Every structure is written in structure tokens, then in C-alpha cells.
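Thanks for coming. Please have the sequence and the model open while I go through a few points.

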Amino acid sequence: MFACPNCGGNILFDIKSQSMKCKYCDSSFMPEQIVKESDAVENNYFETTSYTCPQCGATLLGEENEAAVFCSFCGASDIMMSKMTRQKKPEYIIPFRLSKEDCVAAYKKKLKKAFYAPSGIVNKSKTESFRGIYIPFWCYEFSHDKPFEAEGKIVRSEGNYTIYETYKIGGEMKAQYDAVPFNPDAYSY
């Protein structure tokens, strides 16, 4: 939570102006201007309510007072099993560039060209459930500068015989990989 430098009220990010805006005194600030001088002890985790979709198994984060949640992945609207979980805080949150109204307008424009789309796909209940979601990705950097060796096989048939040929290949490999995305929620260990 950030306090407004003018009145002390809570300021939030405004999508349309791409700035931090106070809803009390209507002041507007660029995000880089806001400095948090005092705060509680910082923790790398936060407590949240997570829901598991009974249709597709996706894990959704939501508010604790929600019982029927709309699944952002498969579209199911169901009563979902919830539990309190600890989630790792993101280092950065990239603000949304488009508002919900912008997304609904783009959706309707796209569907005007969809001749074979079902007629009920543009109804108001579909567009009311639009919401922005963050899909967390971790980016990794790594390099490889070592010799490698691999074994290959060729299997072929000649007449009534199956012939197996094995061979070894090797060489030097030097590679640098930057910003390789990885979604930790897509894999369960």
C-alpha cells in the first residue's frame, strides 16, 4: 500500500493514465516518483486463498470470501475447493496496459469477423467475467562451455532382418542462454 504524498490516502495504479492515482484528492504520480519510506518487515511470501478447478485442475489465487470462482484457464464456473497457501512474492509486477472495457471492445471486434462463432459467445455474462490475470514466469540465464558426447542409434530393416547401428558423436559446445522463461506452476514435482 502506498500513501499519497498530498493527502495520505491510498494510491493505486490507474490503467488508462498509466500512473499512480489517489482516489481521495485525485492527485496523479508516475510510478517511479513514489518512494516508500517506511514499511513493515518485508517477507518474500504472502498468504492467499488458492482454488483448484474441478474441470481442468488449474490452481487459481483469489479472495477468501469467494466460493464460486470463474476459472481463467478453462472457463468453468463452479464451487471450488479452497485452502490457504503461501506463495512467493514476485519481484516485479508489470501493470496492465488495457482496461477491462478495452478488452471487451477488442473481443467484440474480433468476434465480428468470426462467422462460425456460436451466437451466445458475445452475451453480457461472458464479458462480465473478463478479468486480468498474471501468469508468473521465472527467467533463467545459463551457459554451457564443455565438451559433450552422445550416443545415437539407427534402426533399419533389410529383408527379414532388423539392423541396429550405434555410433558416438562428440564435440565442443559453447552456448549462452539469456532470459529463458519457465512457469513454475505448470509443473508439479
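Predicted model: local features only at pLDDT ≥ 70, side-chain atom pairs only at ≥ 80, totals over all residues.

Now the overall layout. The protein has 11 strands and 2 helices. The exposed surface comes to about 15700 Å², with 54% of that supplied by carbon and sulfur atoms.

Ser-27 sits in the loop that joins β3, residues 19–22, to β4, residues 28–29. Is Ser-27 buried or exposed? Its relative accessible area is 13%, and the cut-off for buried is under 20%, so Ser-27 counts as buried. What does the side chain of Ser-27 contact? There is a polar contact at 2.7 Å to the side chain of Asn-6. Leaving aside residues up to four places away in sequence, Ser-27 touches Cys-4, Asn-6, Met-20, Lys-21 and Cys-22.

Next, the charged pairs. Side chains of opposite charge can pair when their charged atoms come close. Over the whole structure, the search gives 3 salt bridges.

One of them joins Lys-16 and Asp-102, with 3.8 Å between the closest N and O atoms. Lys-16 is in the loop between β2, residues 10–14, and β3, whereas Asp-102 belongs to helix α1, residues 100–112, so this pair ties together parts 86 residues apart in sequence. At 62% relative accessible area, Lys-16 is exposed. Asp-102, at 31%, is partly exposed.

Then there is Arg-156. Its side chain meets that of Glu-158 in a salt bridge, 2.2 Å from N to O. Arg-156 also forms a salt bridge with Glu-165, at 2.5 Å from N to O. Which residues make up the salt-bridge network? Arg-156, Glu-158 and Glu-165 are linked in it. How accessible are they? Arg-156 is partly exposed at 34% relative accessible area. Glu-158 is partly exposed at 43%, and Glu-165 is also partly exposed, at 31%.

To recap the two places I would look at in the viewer: the buried Ser-27 with its polar contact to Asn-6, and the salt bridge from Lys-16 to Asp-102. That is what I have.

Notes
Residues numbered from 1 in each chain as written. Heavy atoms only, no water. Helix = DSSP H or I, 4+ residues; strand = E, 2+ residues; numbered from the N terminus. Areas by Shrake-Rupley, 256 points an atom, 1.4 Å probe, with all protein chains shown as cover. Buried < 20%, exposed > 50% of the residue type's maximum accessible area, 1.4 Å probe, protein only. Polar contact = N/O pair within 3.5 Å; in protein donor to acceptor, adjacent residues only side chain to side chain. Contact = heavy atoms within 4.5 Å. Salt bridge = Lys/Arg side-chain N within 4 Å of Asp/Glu carboxyl O.
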